[in-house]
Structure formats: structure tokens, C-alpha cells
Amino acid sequence: KDKIEVVTSDLHDPDSVERIVAMVSEWGAVDILVNNAGIMRQGVRREDFMDSFLVNSVVPFELTTALLPFLRKSKQPRAAHVTSLMGSVGDNGSGGYYAYRSSKAALNMINKSLSKDHPWLSSVVLHPGWVKTDMGGAQAPTSTRESAEGMWKVIEGLSPAQSGGFFDFNGKELPW
């Protein structure tokens with residue numbers, strides 16, 4: 001029977017990856033990894049960039065690479081990293097949000113490299129849409145349920161040919 005285990009962690013904690021790996025080691029294999037952590041810093045100070053890159057790019061990379069041995073044991077290993085269309089260089093028509101945009105663009109590049117270095121792993125970045133959350137605001141057109149259900153459908157249907165791609169929650173390929 002399908003089983004979903006949700007693991008939460010404070011990614012500012014330097015021991016977070018180690019603790020997650022210790023928990024996962026009891027499972028033996030990981031079929032699907034969803035890196036859903038994220039923060040949005042709107043400032044332009046060094047601290048805003050460092051915090052954004054740590055949570056939005058560096059720790060998802062560290063966690064994914066630490067879990068590669070467990071993903072390799074799966075018959076159909078998949079990794080999805082929640083990004084943002086704001087991390088698209090090709091779609092940036094409004095500017096601003098320097099720390100957030102650049103950290104999500106870095107996550108997108110990390111995903112592309114993972115797909116090249118680990119061709120056995122279907123790894124993608126997913127834009128959840130403009131979602132009604134604290135970050136998206138009440139005017140956002142997409143509910144959290146619609147976003148999550150859409151992303152899950154994309155993840156379940158992932159094929160190795162899509163690895164390295166950038167998609168929205170409906171499965172539409174997005175510009176880099």
C-alpha cells in the first residue's frame with residue numbers, strides 16, 4: 001500500500017539534513033522526495049541573500065544528495081523541488097526580489113545538474129502557481145489544495161524524459 005511520510009525540519013539548523021537522513025535510513029528506500037522548503041526575503045542585504053540561498057538552494061541540494069542512496073533503491077525514484085516562476089530568467093519582466101529570484105534560479109540550475117549527473121533519477125523543479133498563502137496573498141487565483149493536487153499529479157506521472165525540466169503545477173513546461 002502507498003504510504004506518505006512527511007518530514008519537517010528547520011533548514012536553518014545545520015544538523016537538519018543529518019537528522020532527516022537518520023529518520024529515512026529506517027525506511028530503506030525513498031520513492032519520491034519533495035523539497036518544499038522556501039523563504040522569501042525582499043531585502044537586498046547580504047543576510048537576505050545568504051538566508052535565501054541557504055534555505056531555497058543549498059539545503060535542498062544537500063538533502064537530495066544525502067538521500068541519493070535511498071532514492072537509488074527505488075524502482076522509480078523521483079525528486080521534485082518547489083521553485084517559483086520568479087526564478088525564471090526568461091520570464092522576469094518586473095525585476096526586484098533579488099535574493100528570492102536568484103536563489104530560486106540557483107535551485108533550478110541545481111535540478112538541471114542533478115538530472116545530468118544522476119540520469120537514473122527523475123528530478124524536476126515545480127512552480128506551485130500563484131497560491132493563496134501568506135506569501136501569495138488573498139488575491140492569488142490558486143488554492144493551496146489545487147496547487148498541491150496538481151503538483152502531486154505531475155510528480156506521480158514523471159518520466160525520465162522529463163528529468164531536468166521546469167514545470168508548473170499543471171504540468172506545463174516553463175521558460176528558464
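This report describes helix packing, salt bridges and selected residues in one predicted model.

The structure is a predicted model in which local features need pLDDT of at least 70 and side-chain atom pairs count only at pLDDT 80 or more, while totals for chains, interfaces and linings use all residues. Residues are numbered from 1 along each chain as its sequence is written, and side-chain values use heavy atoms, with hydrogens and water left out.

## Helix packing

Helices (H or I, at least four residues) and strands (E, at least two) are DSSP runs, numbered from the N terminus. Helix H2 and helix H3 (residues 98-117) have axes that come within 8 Å and cross at roughly 20°. Axes here are lines fitted to C-alpha atoms, for helices over the stretch in contact, and angles run from 0 to 180 degrees between N-to-C directions. H2 is therefore roughly parallel to H3; angles under 35 degrees count as roughly parallel, over 145 as roughly antiparallel, 65 to 115 as roughly perpendicular and the rest as oblique. The crossing of H2 and H3 is right-handed. A crossing is called right-handed if the near helix is turned clockwise from the far one by less than a right angle, and left-handed if anticlockwise.

On the H2 side, the residues making this contact include Asp48, Phe49, Ser52, Phe53 and Phe61. On the H3 side they include Tyr98, Ala99, Tyr100, Leu107 and Leu114. Contact means heavy atoms within 4.5 Å. By class, the contact of H2 with H3 has 11 nonpolar, 7 polar and 2 charged residues. In this classing, Ala, Val, Leu, Ile, Met, Phe, Trp, Tyr, Cys and Pro count as nonpolar, Asp, Glu, Lys and Arg as charged, and the others, Gly among them, as polar.

H2 also packs with H1, at an angle of about 25° and with the axes 10 Å apart. That makes H1 roughly parallel to H2, and the crossing of these two helices is right-handed. H1 contributes Ser16, Val17, Ile20, Val21 and Val24 to the contact, and H2 contributes Val59, Glu62, Leu63, Ala66, Leu67 and Phe70. The contact of H1 with H2 has 9 nonpolar, 1 polar and 1 charged residues.

Val17 lies in helix H1 (residues 16-24). Val17 is buried, with 14% relative accessibility; buried means under 20% relative accessible area, exposed over 50%, and partly exposed in between (1.4 Å probe, protein chains only). Leaving aside neighbours within four places in sequence, Val17 is in contact with Val59, Glu62, Leu63 and Ala66. Val17 and Pro60 are 43 residues apart along the chain, and their C-alpha atoms are separated by 9.1 Å.

## Salt bridges

A salt bridge is a side-chain nitrogen of Lys or Arg within 4 Å of a carboxyl oxygen of Asp or Glu. By this rule the count comes to 5 salt bridges.

| Pair | N to O distance |
|---|---|
| Asp51 and Arg41 | 2.7 Å |
| Arg45 and Asp48 | 3.2 Å |
| Glu149 and Arg145 | 2.9 Å |

Asp51 lies in helix H2 (residues 46-72) and Arg41 in the loop between strand E1 (32-35) and H2, so the pair ties together parts that are 10 residues apart in sequence. Asp51 is buried, with a relative accessible area of 15%, whereas Arg41 is partly exposed at 29%. Not counting residues up to four places away in sequence, Arg41 touches Asp48, Asp51, Ser52, Ala99 and Tyr100. Arg41 and Ala161 are 120 residues apart in sequence and 34 Å apart in space, C-alpha to C-alpha.

Asp48, the partner of Arg45, is buried, with a relative accessible area of 7%.

Glu149 and Arg145 are 4 residues apart in helix H4 (residues 144-156), and are separated by about one helical turn. Glu149 is partly exposed at 45% relative accessible area, and Arg145 is exposed at 60%. Elsewhere, salt bridges that share partners join Arg45, Glu47 and Asp48 into one network.

## Two further residues

Asn108 lies in helix H3 and is buried, with a relative accessible area of 2%. Not counting residues up to four places away in sequence, Asn108 touches Thr83, Gly87, Ser88, Val125, Phe166 and Trp176.

Tyr97 is in the loop between strand E2 (78-82) and H3. Phi of Tyr97 is near 50°, a positive value in a residue other than glycine. Tyr97 counts as partly exposed, at 34% relative accessibility.
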